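Hi everyone, thanks for making the time. I'd like to walk you through one structure this morning, region by region, so please have a look at it first.

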Amino acid sequence: RYRDAYAALGVFPPDIGLVETMIALQSQAIAGMYSPHRRTLFVLDSLAGATKGDDLGQSQIVVHELVHALQQQHFSETLELLIRLRRQDDVVGALATAVEGDATFAMLGVREAVHGAGGRDEATAATVRESMLAEPTRAGGPLAAAPRLLRESLIFPYAEGTPLTAARFARDGVAGLDAALRDPPLSTARVLAPERSDPVEFVRLPQALLAEQLAPRACALGDDNVAGALTLQVLFDTYGSSADVASLIRGWSGDRFLQIDCVESWELVWLTRWDSHADASRFASAYREIAGAIAANAKLSGA
């Protein structure tokens with residue numbers, strides 16, 4: 001159901017084996033993990049160096065995962081939201097930038113302690129961001145074959161969260177890092193445009209009414225979710241829109257989409273909310289330009 005919803009939106013191949021793809025992707029891309037349920041830290045054995053000083057990679061990952069353990073102790077509400085939220089992928093992606101940015105920024109201090117190079121500063125964080133954003137296009141890399149949205153979603157919290165954390169630390173020190181974990185961003189739009197402080201609007205779809213109206217056609221409601229700024233960016237970039245996507249998503253203030261299965265065809269309900277009529281019109285125009293290609297790829301019943 002989850003796959004079909006994103007396929008109807010146009011950002012997943014309709015026939016992708018999503019569970020297998022995500023397991024393969026994370027198996028190749030993740031070097032360590034902290035499990036809040038088991039309160040246990042895991043690191044790949046292959047990262048261990050043979051001599052003192054050669055295990056920099058492992059030390060960095062250990063520090064990163066230890067930060068997650070500390071986050072669970074001191075900012076449990078944020079960690080619980082990150083783990084338990086369902087059908088709010090945009091919120092989860094935004095929360096993750098605060099959590100992973102904090103851990104990755106702390107990790108940068110290991111290199112400085114061992115080699116006296118780099119460290120917890122904005123310049124190093126910017127370099128880390130550029131390196132991470134370049135990873136999906138690296139030939140033969142673990143991310144190259146995955147659907148773009150999966151790649152972007154995996155990298156986004158680290159690549160975007162680290163420089164934001166570095167900027168907070170430069171401005172407000174440790175208190176700034178704590179504040180970001182107590183009051184994290186609730187949409188990827190606020191991560192991509194941190195200067196905006198207006199509240200995020202959460203959109204509901206009239207699902208009971210939709211189900212009633214669709215019942216005579218034997219249609220079933222599938223999964224619903226929030227596209228948000230990151231998915232909008234992937235959608236328009238994937239289909240080659242001529243729109244200024246960065247400008248477009250700055251006007252976003254909320255959305256929710258729903259896949260509908262009508263036995264022999266798919267349909268998509270997508271309610272979007274914008275800051276102004278002009279922003280909404282720009283989105284409608286940009287979407288109209290790529291609607292036919294999306295319908296063909298997603299196997300919708302029409303544009």
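Let me begin with a glycine. Setting aside residues within four places in sequence, Gly254 is in contact with Glu201, Val203, Leu271, Thr272 and Arg273. You'll find Gly254 in strand β4, and it is buried, with a relative accessibility of 0%. For a sense of distance, take Glu152: it sits 102 residues from Gly254 in sequence, and the two C-alpha atoms are 20 Å apart. Before I go further, please keep in mind that this is a predicted model.

Let's stay with the strands and look at Asn225, which belongs to β3. Is Asn225 buried or exposed? Asn225 is buried, at a relative accessible area of 2%.

Leu9 is in helix α1, which covers residues 2-9. With a relative accessible area of 1%, Leu9 is buried.

Helix α10 runs over residues 228-238 and is mostly covered, with eight of its 11 residues buried. After α10 comes Gly240, with a positive phi near 70°.

A disulfide is a covalent bond between the sulfur atoms of two cysteines. This structure holds one: it joins Cys219 to Cys262, with an S to S distance of 2.1 Å. Which hand does it have? The torsion about the S-S bond of Cys219 and Cys262 is about 115°, so this disulfide is right-handed. Cys219 is in the loop between α9 (207-214) and β3 (220-225), and Cys262 is in the loop between β4 (252-261) and β5 (266-274), so the pair ties together parts 43 residues apart in sequence. Both Cys219 and Cys262 are buried.

Ala218 is also in the loop between α9 and β3, but Ala218 is exposed, at 51% relative accessibility. Ala218 has a positive phi, near 60°, and is a residue other than glycine. Arg39 is another non-glycine residue with a positive phi, in this case near 50°. Arg39 lies in the loop between β1 (32-35) and β2 (40-43), and it is exposed, with a relative accessible area of 57%.

Over to the histidines. His68 is found in helix α3, residues 56-74, and it is buried, at 8% relative accessible area. The side chain of His68 makes a polar contact of 3.2 Å with the side chain of His64. A polar contact also joins the side chains of His68 and Glu100, at 3.0 Å. Apart from neighbours within four places in sequence, His68 is in contact with Tyr34, Val99, Glu100 and Ala103.

Last stop, a helix pair. How do α6 and α7 cross? The axes of α6 (residues 122-134) and α7 (residues 148-182) come within 9 Å, crossing at roughly 170°. That makes α6 roughly antiparallel to α7. On the α6 side the contact involves Glu122, Ala125, Arg129, Met132 and Leu133. These meet Ile155, Tyr158, Ala159, Glu160, Thr162, Pro163, Ala166, Ala167 and Ala170 in α7. By type, the residues of the α6 and α7 contact comprise 10 nonpolar, one polar and three charged.

Notes:
Residues numbered from 1 in each chain as written. Predicted model: local features only at pLDDT ≥ 70, side-chain atom pairs only at ≥ 80, totals over all residues. Heavy atoms only, no water. Axes fitted to C-alpha atoms, helices over the stretch in contact; angles between N-to-C directions. Helix = DSSP H or I, 4+ residues; strand = E, 2+ residues; numbered from the N terminus. Parallel < 35°, antiparallel > 145°, perpendicular 65-115°, else oblique. Contact = heavy atoms within 4.5 Å. Nonpolar A, V, L, I, M, F, W, Y, C, P; charged D, E, K, R; others polar. Disulfide = S-S within 2.5 Å. Buried < 20%, exposed > 50% of the residue type's maximum accessible area, 1.4 Å probe, protein only. Polar contact = N/O pair within 3.5 Å; in protein donor to acceptor, adjacent residues only side chain to side chain.
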